[in-house]
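Please find below my note on the structure under discussion.

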Amino acid sequence: MHVCWLLLFVGFLSCLVFTKGDIQVVLLNKFKLRYAGFSTLVNMSESNSSSWSLVISCFDPIPETIDDVFIVPDIGSILTESITPKTLTNKIIWPNGVVSANILAKNSLIVPSGFLVPGKTKGNLYFLNGTTPISLVPQEDTHWFYHDADFKDVNMDGFMDVVAGRANVPVKAERAQTQLIWLKNPGKQEITSPWELHILKETDGPDIDVQFARIDNTQVREKIYSIYVNSVGSIC
Ligand SMILES: [Ca+2]
């Protein structure tokens, strides 16, 4: 059995003027979790914006096995106590780092999934607002894996859409396929089924990270940052 230790650190500024080396890192706690992978802090409280939950994705490298997403609610209140994560879902194969989806629905997440491991290459973007994940990407023949998602009203209809990169890495192919996609929010109150899939970039898209940001204060242009699987970084 492969067990990882999760270590909780805190950083303190040692003086008012921040310079390199002024942050001191202190170990606060640690706990074991089987096949722990990504960990993300998300705000899951409707009443307290400073309450953060720690969400941990765990993936077993053995094909056809079950993977888990765990949560430690309000971890700030138990930083130095005994920590026992609760299962959020065990129905997603190879969950990657989670993304807060509060912009779509309160206390919700998107769990991107899938990777190179045999039997775990068919990923999706799962909407999670309880214990039952809902696939946002419609069924396809190609096995795509997903690691990130961002939000943008792409068609400007007033409903927030999902934008993501994705990759397919066939065993015998010379290079990976990578795409930039968006999923159209149908505008329904509840999310219960996949959204309409649109391809923004058919080839040489971002495989992992997609993030919208305004980086030019004078022209206020929005950018997409991405990292390509074929070792080429790009900003679009
Ligand atoms: Ca829209």
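The note begins with the basis of the model and then turns to its strands, core and loops.

1. Basis of the model. This is a predicted model, in which local features need pLDDT of at least 70 and side-chain atom pairs count only at pLDDT 80 or more, whereas totals for chains, interfaces and linings use all residues. Residues are numbered from 1 along each chain as its sequence is written.

2. Overall composition. The protein has 17 strands and zero helices. Both terms refer to DSSP runs numbered from the N terminus: helices are H or I runs of at least four residues, and strands are E runs of at least two. Of the 236 residues, 30% are buried. A residue is called buried if 20 or more other C-beta atoms lie within 10 Å of its own, exposed if 12 or fewer do, and partly exposed in between, with C-beta atoms placed from the backbone. Among contacts with a separation of 6 or more, 42% involve residues 24 or more positions apart; a contact requires the C-beta atoms of two residues, placed from the backbone, to lie within 7 Å.

3. The largest nonpolar core. This core has 38 residues, and I110 and L125 have the most contacts inside it. At least two of its residues come from each of strand 4 (52-58), strand 5 (68-72), strand 8 (109-112), strand 9 (125-128), strand 12 (161-168) and strand 13 (177-184). A nonpolar core is here a set of buried Ala, Val, Leu, Ile, Met, Phe, Trp, Tyr and Cys residues joined through C-beta atoms within 7 Å. When neighbours within four places in sequence are left aside, I110 is in contact with V98, V99, A101, L125, Y126, F127 and A149.

4. Four strands form an open sheet in the order 7-8-9-10, with antiparallel pairing. Strand 7 (99-100) and strand 10 (134-135) each have a single partner strand and stand at the edges, so one side of each is left without a neighbour in the sheet. Pairing of two strands requires that DSSP find at least two bridges between them. In general, strands of a sheet pair through backbone hydrogen bonds, either parallel or antiparallel.

5. Pairing within that sheet. Strand 7 is joined to strand 8 by two bridges, and V99 stands opposite I110 of strand 8. Strand 8 and strand 9 pair over four bridges, with L125 in strand 9 as the bridge partner of P112. Two bridges link strand 9 to strand 10, where S135 is the bridge partner of Y126. The hairpin of strand 9 and strand 10 has five residues between the strands, and G130 takes a positive phi near 160° in this hairpin.

6. Side chains of strand 9. In which directions do L125, F127, Y126 and L128 point from strand 9? L125 and F127 point one way and Y126 and L128 the other, and all are buried.

7. Strand 5 and its partners. Strand 5 is largely enclosed by the rest of the structure, because four of its five residues are buried. Strand 4 runs antiparallel to strand 5 and is joined to it by five bridges, while strand 5 and strand 6 pair in the antiparallel sense over three bridges. F70 of strand 5 stands opposite I56 and also opposite T87 in strand 6.

8. Two positive phi values. W94, in the loop between strand 6 (86-89) and strand 7, has a positive phi near 50° although it is not a glycine. M156, in the loop between strand 11 (150-152) and strand 12, is likewise a residue other than glycine with a positive phi, of about 50°. Is each buried or exposed? W94 counts as buried because it has 24 C-beta neighbours inside 10 Å, whereas M156 has 8 and therefore counts as exposed.

9. K120 lies in the loop between strand 8 and strand 9, and it counts as buried, with 22 C-beta neighbours inside 10 Å. Beyond its neighbours within four places in sequence, K120 is in contact with P63, I93, W94, G114 and F115. The C-alpha atoms of K120 and P95 are separated by 9.7 Å, and these residues are 25 residues apart along the chain. D207 lies in the loop between strand 14 (196-201) and strand 15 (210-214) and counts as buried, with 26 C-beta neighbours inside 10 Å. Its C-alpha atom is separated by 5.4 Å from that of T178, 29 residues apart along the chain.
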